Amino acid sequence: MRPSAILEAALYVSDLDQAERFYGETLGLERIAKIEGRHVFFRCGQAVLLLFDPAATAEPPPPDARLPVPPHGAKGPGHLCFAATAQEIGRWKAHLDAAGIAIEADFEWPNGGRSIYFRDPFGNSLEFAEPRIWGLT
């Protein structure tokens with residue numbers, strides 16, 4: 001048995017409204033769900049980006065919860081990489097620069113493929129990279 005793909009990935013943020021603006025407006029992701037004070041979710045290709053308030057997800061669900069999702073969370077900044085072509089990375093860099101978002105790193109990997117790194121408003125490390133950095137197409 002082997003998983004076929006990653007369906008969802010989670011990052012933890014301290015302000016869901018600010019996160020919704022950043023990921024929805026700056027990065028252009030489509031919001032698909034939101035529960036005030038707990039989470040906001042976005043579609044990203046064939047996957048879902050989950051943004052949680054870590055204080056809310058650390059609490060166990062009540063015994064009668066309809067959806068008994070176990071507690072989870074992380075401390076400190078996380079990392080997420082979005083797939084992009086070389087041409088798209090150039091356009092993303094210009095878009096992020098225009099939005100006043102600093103690019104922390106921009107380089108070519110030794111085996112080929114470019115990455116740019118930047119931060120969301122909560123310190124999470126975000127990246128746009130060509131899938132070929134991992135030998136993917």
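**Entry 1**

"Buried" here is under 20% relative accessible area, "exposed" is over 50%, and "partly exposed" is in between, with a 1.4 Å probe and protein chains only. The largest core has 23 residues, and Tyr23, Leu27, Leu49, Leu51, Leu126 and Phe128 touch the most other members. Two or more residues each come from helix 1 (16-26), strand 3, strand 4, strand 5, helix 3 (86-98), strand 7 (114-119) and strand 8. Helix 1 gives the most, four residues. I also noted a second, separate core of five residues, among them Phe41, Val48, Leu50 and Phe52. In soluble globular proteins, nonpolar side chains tend to be buried together.

For Tyr23 I listed contacts (heavy atoms within 4.5 Å). Leaving aside neighbours within four places in sequence, Tyr23 is in contact with Leu11, Gly28, Leu29, Phe42, Leu49, Leu51, Asp120 and Leu126.

**Entry 2: conventions and chain**

I number residues from 1 along each chain as its sequence is written, and side-chain values use heavy atoms, with hydrogens and water left out. As the model is predicted, local features need pLDDT of at least 70 and side-chain atom pairs count only at pLDDT 80 or more, while totals for chains, interfaces and linings use all residues.

Helices (H or I, at least four residues) and strands (E, at least two) are DSSP runs, numbered from the N terminus. I find three helices and eight strands in the protein chain, in the order β-α-β-β-β-α-β-α-β-β-β from the N terminus on. The C-alpha trace spans about 50 × 40 × 25 Å along its principal axes. Of the 137 residues, 33% count as buried. Among contacts with a separation of 6 or more, 46% are between residues 24 or more positions apart.

**Entry 3: helix 1**

I checked which residues of helix 1 are buried: Leu16, Ala19, Glu20, Phe22, Tyr23 and Thr26. An α-helix has 3.6 residues a turn, so residues three or four places apart point the same way. At the N-terminal end Asp15 is the cap, with a side-chain oxygen 3.0 Å from the backbone nitrogen of Asp17. After the helix comes Gly28, with a positive phi near 75 degrees.

**Entry 4: pockets**

I used a 1 Å grid over the protein atoms alone; a pocket is an open set of points where a 1.4 Å probe fits, with protein on both sides within 12 Å along at least five of seven lines, and lining residues have an atom within 4 Å of a point. Grid points are joined across faces, edges and corners, and a volume is the space filled by probe spheres set on the points.

The largest pocket has a volume of about 800 Å³. Its lining has 24 residues, with Ile6, Ala47, Cys81, Phe82 and Ala83 nearest the centre. Strand 1 (8-12), strand 4 (47-52), strand 5 (79-83) and strand 8 (125-129) each give two or more residues to this lining; strand 5 has the largest share, five. I class Ala, Val, Leu, Ile, Met, Phe, Trp, Tyr, Cys and Pro as nonpolar, Asp, Glu, Lys and Arg as charged, and the others, Gly among them, as polar. The lining of the largest pocket then divides into 18 nonpolar, three polar and three charged residues.

The second largest pocket holds about 330 Å³ of space. Of its 16 lining residues, Arg38, His39, Phe52, Leu67 and Val69 lie nearest the centre. Strand 3, strand 4 and helix 2 each supply at least two lining residues. By class I get nine nonpolar, three polar and four charged.

Thr57 lies in helix 2 (residues 54-57) and counts as buried because its relative accessibility is 2%. Its side chain reaches the backbone oxygen of Pro54 at 3.4 Å, and a polar atom of that side chain lies 2.8 Å from the backbone oxygen of His72.

Arg114, in strand 7, is also buried, at 17%. Its side chain makes a polar contact with the side chain of Asp106 at 2.8 Å.

Arg43, in strand 3 (residues 39-44), is partly exposed at 40% relative accessibility. Beyond four places in sequence, Arg43 is in contact with Leu29, Glu30 and Ile32.

Note on methods
A polar contact is a pair of N or O atoms within 3.5 Å; within protein, one must be able to donate a hydrogen and the other to accept it, and residues adjacent in sequence count only if both atoms are side-chain atoms. A nonpolar core is a set of buried Ala, Val, Leu, Ile, Met, Phe, Trp, Tyr and Cys residues joined through side-chain atoms within 4.5 Å.
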